[in-house]
Amino acid sequence: METPRRKQIGLALLAGVLALLWLTMLSLGDGPVDSLVLGKFYVGHIAPLAEVARFVTFVGGGYFVTAVIAGAALVLALRRRARLALLLLVGTSFGRILVELQKYEIGRLRPDANPHLVEIHSLSFPSAHAANSVMIYVTLALLIPAVEQSRLYWIAGACVLAVIIGLTRLMLGVHWPSDVIGGWSFGLLWVLALYAIAEKFELRR
(Lines give C-alpha, C1' and ligand atoms only; values in the text may rest on other atoms or scores of the structure.)
Protein backbone atom coordinates (compact mmCIF):
# COMPACT_ATOMS: atom_id res chain seq x y z
CA MET A 1 0.00 0.00 0.00
CA GLU A 2 1.31 3.41 -0.90
CA THR A 3 2.31 5.81 1.84
CA PRO A 4 -0.16 8.55 0.76
CA ARG A 5 -2.95 5.95 0.90
CA ARG A 6 -1.93 4.92 4.41
CA LYS A 7 -1.88 8.55 5.43
CA GLN A 8 -5.41 9.06 4.13
CA ILE A 9 -6.67 6.02 6.00
CA GLY A 10 -4.96 7.16 9.20
CA LEU A 11 -6.52 10.64 8.94
CA ALA A 12 -9.94 9.13 8.25
CA LEU A 13 -9.69 6.86 11.30
CA LEU A 14 -8.59 9.79 13.48
CA ALA A 15 -11.51 11.85 12.19
CA GLY A 16 -13.87 9.02 13.10
CA VAL A 17 -12.47 8.81 16.62
CA LEU A 18 -12.81 12.57 17.10
CA ALA A 19 -16.40 12.54 15.84
CA LEU A 20 -17.24 9.69 18.23
CA LEU A 21 -15.61 11.56 21.10
CA TRP A 22 -17.66 14.67 20.29
CA LEU A 23 -20.85 12.61 20.24
CA THR A 24 -19.95 10.95 23.54
CA MET A 25 -19.38 14.31 25.23
CA LEU A 26 -22.71 15.52 23.87
CA SER A 27 -24.57 12.43 25.10
CA LEU A 28 -22.96 11.90 28.51
CA GLY A 29 -22.12 15.46 29.51
CA ASP A 30 -23.74 17.70 32.12
CA GLY A 31 -23.90 14.88 34.64
CA PRO A 32 -22.35 13.74 37.96
CA VAL A 33 -18.88 13.17 36.50
CA ASP A 34 -18.90 16.60 34.91
CA SER A 35 -19.90 18.19 38.21
CA LEU A 36 -17.23 16.30 40.16
CA VAL A 37 -14.40 17.20 37.77
CA LEU A 38 -15.53 20.82 37.51
CA GLY A 39 -15.45 21.14 41.29
CA LYS A 40 -11.84 19.97 41.34
CA PHE A 41 -10.71 22.59 38.81
CA TYR A 42 -12.69 25.63 39.99
CA VAL A 43 -10.40 28.33 41.45
CA GLY A 44 -12.87 30.95 42.60
CA HIS A 45 -11.45 30.65 46.11
CA ILE A 46 -7.84 31.20 44.95
CA ALA A 47 -7.58 34.77 43.66
CA PRO A 48 -4.07 34.57 42.09
CA LEU A 49 -4.96 31.46 40.08
CA ALA A 50 -8.22 33.05 39.00
CA GLU A 51 -6.33 36.06 37.63
CA VAL A 52 -3.91 33.82 35.72
CA ALA A 53 -6.85 31.85 34.31
CA ARG A 54 -8.54 35.08 33.17
CA PHE A 55 -5.38 36.15 31.34
CA VAL A 56 -4.82 32.78 29.64
CA THR A 57 -8.46 32.42 28.65
CA PHE A 58 -8.22 35.78 26.86
CA VAL A 59 -5.68 34.20 24.48
CA GLY A 60 -8.45 31.85 23.31
CA GLY A 61 -11.12 34.55 23.10
CA GLY A 62 -12.75 35.86 19.97
CA TYR A 63 -10.97 39.22 19.70
CA PHE A 64 -7.52 37.75 20.26
CA VAL A 65 -7.82 34.80 17.86
CA THR A 66 -9.27 37.09 15.18
CA ALA A 67 -6.17 39.26 15.41
CA VAL A 68 -3.95 36.17 15.28
CA ILE A 69 -5.74 34.86 12.18
CA ALA A 70 -5.41 38.20 10.40
CA GLY A 71 -1.70 38.47 11.22
CA ALA A 72 -0.98 34.90 10.16
CA ALA A 73 -2.86 35.36 6.89
CA LEU A 74 -0.76 38.43 6.18
CA VAL A 75 2.43 36.42 6.80
CA LEU A 76 1.26 33.74 4.38
CA ALA A 77 0.33 36.33 1.77
CA LEU A 78 3.77 37.94 2.05
CA ARG A 79 5.28 34.50 1.46
CA ARG A 80 3.27 34.35 -1.77
CA ARG A 81 0.97 31.68 -0.39
CA ALA A 82 -2.25 33.58 -1.03
CA ARG A 83 -4.40 30.46 -1.39
CA LEU A 84 -3.32 29.19 2.00
CA ALA A 85 -3.91 32.64 3.48
CA LEU A 86 -7.43 32.55 2.07
CA LEU A 87 -7.93 29.03 3.42
CA LEU A 88 -6.83 30.21 6.85
CA LEU A 89 -9.21 33.18 6.85
CA VAL A 90 -12.23 31.43 5.39
CA GLY A 91 -11.69 27.99 6.92
CA THR A 92 -11.17 29.06 10.51
CA SER A 93 -13.93 31.68 10.30
CA PHE A 94 -16.41 29.10 9.04
CA GLY A 95 -15.28 26.70 11.76
CA ARG A 96 -15.97 29.32 14.42
CA ILE A 97 -19.43 29.91 12.97
CA LEU A 98 -20.14 26.17 13.18
CA VAL A 99 -19.17 26.19 16.86
CA GLU A 100 -21.71 28.93 17.55
CA LEU A 101 -24.37 27.07 15.57
CA GLN A 102 -23.75 23.97 17.68
CA LYS A 103 -24.23 26.00 20.85
CA TYR A 104 -27.53 27.39 19.55
CA GLU A 105 -28.90 24.08 18.32
CA ILE A 106 -27.81 21.95 21.29
CA GLY A 107 -28.82 24.50 23.91
CA ARG A 108 -26.90 23.13 26.88
CA LEU A 109 -26.91 25.50 29.86
CA ARG A 110 -23.74 26.66 31.59
CA PRO A 111 -22.81 25.18 34.98
CA ASP A 112 -24.13 27.32 37.83
CA ALA A 113 -22.93 25.57 40.97
CA ASN A 114 -20.19 28.21 41.41
CA PRO A 115 -20.05 31.91 40.51
CA HIS A 116 -18.71 32.54 37.02
CA LEU A 117 -15.36 34.35 37.17
CA VAL A 118 -15.71 35.91 33.68
CA GLU A 119 -18.68 37.20 31.71
CA ILE A 120 -20.45 34.77 29.38
CA HIS A 121 -22.79 35.55 26.51
CA SER A 122 -23.66 32.20 24.93
CA LEU A 123 -24.67 28.63 25.67
CA SER A 124 -22.35 25.88 26.81
CA PHE A 125 -21.65 23.01 24.36
CA PRO A 126 -19.08 22.95 22.89
CA SER A 127 -16.59 25.34 24.45
CA ALA A 128 -15.74 27.96 21.85
CA HIS A 129 -12.47 28.79 23.61
CA ALA A 130 -11.40 25.13 23.47
CA ALA A 131 -12.51 24.62 19.87
CA ASN A 132 -11.16 27.91 18.56
CA SER A 133 -7.78 27.59 20.26
CA VAL A 134 -7.28 24.19 18.63
CA MET A 135 -8.55 25.34 15.24
CA ILE A 136 -6.44 28.48 15.18
CA TYR A 137 -3.18 27.57 16.88
CA VAL A 138 -2.81 23.99 15.61
CA THR A 139 -3.71 25.06 12.06
CA LEU A 140 -1.11 27.83 12.26
CA ALA A 141 1.47 25.33 13.47
CA LEU A 142 0.77 23.24 10.37
CA LEU A 143 0.81 26.10 7.87
CA ILE A 144 3.23 28.75 9.10
CA PRO A 145 6.62 27.09 9.89
CA ALA A 146 8.94 27.44 6.92
CA VAL A 147 11.25 24.63 8.12
CA GLU A 148 9.64 21.19 8.00
CA GLN A 149 11.76 19.84 10.87
CA SER A 150 10.48 22.51 13.27
CA ARG A 151 6.81 21.88 12.54
CA LEU A 152 6.46 19.12 15.13
CA TYR A 153 7.63 21.47 17.88
CA TRP A 154 5.16 24.13 16.76
CA ILE A 155 2.34 21.59 16.74
CA ALA A 156 3.26 20.34 20.22
CA GLY A 157 3.36 23.90 21.55
CA ALA A 158 0.01 24.73 19.93
CA CYS A 159 -1.60 21.63 21.47
CA VAL A 160 -0.27 22.49 24.93
CA LEU A 161 -1.59 26.04 24.60
CA ALA A 162 -5.02 24.79 23.49
CA VAL A 163 -5.18 22.36 26.41
CA ILE A 164 -4.30 25.08 28.91
CA ILE A 165 -6.86 27.48 27.44
CA GLY A 166 -9.53 24.80 27.65
CA LEU A 167 -8.71 24.04 31.27
CA THR A 168 -9.07 27.71 32.20
CA ARG A 169 -12.74 27.45 31.27
CA LEU A 170 -13.14 24.91 34.07
CA MET A 171 -11.05 26.97 36.46
CA LEU A 172 -13.33 29.95 35.81
CA GLY A 173 -16.48 27.86 36.29
CA VAL A 174 -18.05 28.69 32.92
CA HIS A 175 -17.95 25.29 31.18
CA TRP A 176 -18.53 21.66 31.92
CA PRO A 177 -15.52 19.38 31.28
CA SER A 178 -17.50 17.66 28.51
CA ASP A 179 -17.95 21.07 26.83
CA VAL A 180 -14.19 21.51 26.74
CA ILE A 181 -13.47 18.00 25.48
CA GLY A 182 -16.20 18.41 22.88
CA GLY A 183 -14.62 21.68 21.80
CA TRP A 184 -11.17 20.12 21.49
CA SER A 185 -12.50 17.17 19.48
CA PHE A 186 -14.45 19.38 17.07
CA GLY A 187 -11.49 21.75 16.75
CA LEU A 188 -9.13 18.91 15.85
CA LEU A 189 -11.67 17.49 13.41
CA TRP A 190 -11.78 20.85 11.67
CA VAL A 191 -7.98 21.06 11.65
CA LEU A 192 -7.86 17.73 9.80
CA ALA A 193 -10.24 19.09 7.17
CA LEU A 194 -8.17 22.26 6.70
CA TYR A 195 -4.96 20.22 6.59
CA ALA A 196 -6.34 18.00 3.82
CA ILE A 197 -7.32 21.05 1.77
CA ALA A 198 -3.95 22.73 2.44
CA GLU A 199 -2.10 19.67 1.17
CA LYS A 200 -4.02 19.86 -2.07
CA PHE A 201 -3.07 23.51 -2.43
CA GLU A 202 0.58 22.63 -1.87
CA LEU A 203 0.44 19.86 -4.50
CA ARG A 204 -0.94 22.27 -7.09
CA ARG A 205 1.87 24.80 -6.64
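**Close-up views of the predicted model**

**View 1. The largest pocket and its centre.** The largest pocket in this predicted model has a volume of about 500 Å³. Its lining comprises 20 residues, of which Gly61, Gly62, His121, His129 and Arg169 are the closest to the pocket centre. By class, the lining residues are five nonpolar, nine polar and six charged.

**View 2. Helices that contribute to the lining of the largest pocket.** At least two lining residues come from each of α3 (47-58), α4 (62-78), α5 (82-106) and α6 (128-143).

View 3. The twelve residues of α3 extend 17 Å from the first C-alpha to the last, close to the 16 Å expected at 1.5 Å a residue. Ala50, Ala53, Val56 and Thr57 are the buried residues shown in α3. These residues lie on the same side of α3 because they cover an arc of only 130° around the axis. An α-helix has 3.6 residues a turn, so residues three or four places apart point the same way. Ala47, Pro48 and Phe55 are exposed and sit on the face of α3 turned away from its buried side. The buried residues of α3 pack against α6 and α7 (151-171).

**View 4. Helix α5 and the residue that follows.** With 25 residues, α5 should span 36 Å at 1.5 Å a residue, which agrees with the 36 Å between its end C-alpha atoms. Its buried residues include the glycines Gly91 and Gly95, together with Arg96, Gln102 and Lys103. Also buried in α5 are Leu84, Ala85, Leu87, Leu88, Thr92 and Val99. Glycine 107 follows α5 and has a positive phi, near 70°.

Key. Residues numbered from 1 in each chain as written. Predicted model: local features only at pLDDT ≥ 70, side-chain atom pairs only at ≥ 80, totals over all residues. Heavy atoms only, no water. 1 Å grid on protein atoms, 1.4 Å probe; cavity = no way out; pocket = protein on both sides within 12 Å on 5 of 7 lines; lining within 4 Å. Points joined across faces, edges and corners; volume = space filled by probe spheres on them. Helix = DSSP H or I, 4+ residues; strand = E, 2+ residues; numbered from the N terminus. Nonpolar A, V, L, I, M, F, W, Y, C, P; charged D, E, K, R; others polar. Expected span 1.5 Å × (residues − 1). Buried < 20%, exposed > 50% of the residue type's maximum accessible area, 1.4 Å probe, protein only. Arc of directions from axis to C-beta. Contact = heavy atoms within 4.5 Å.
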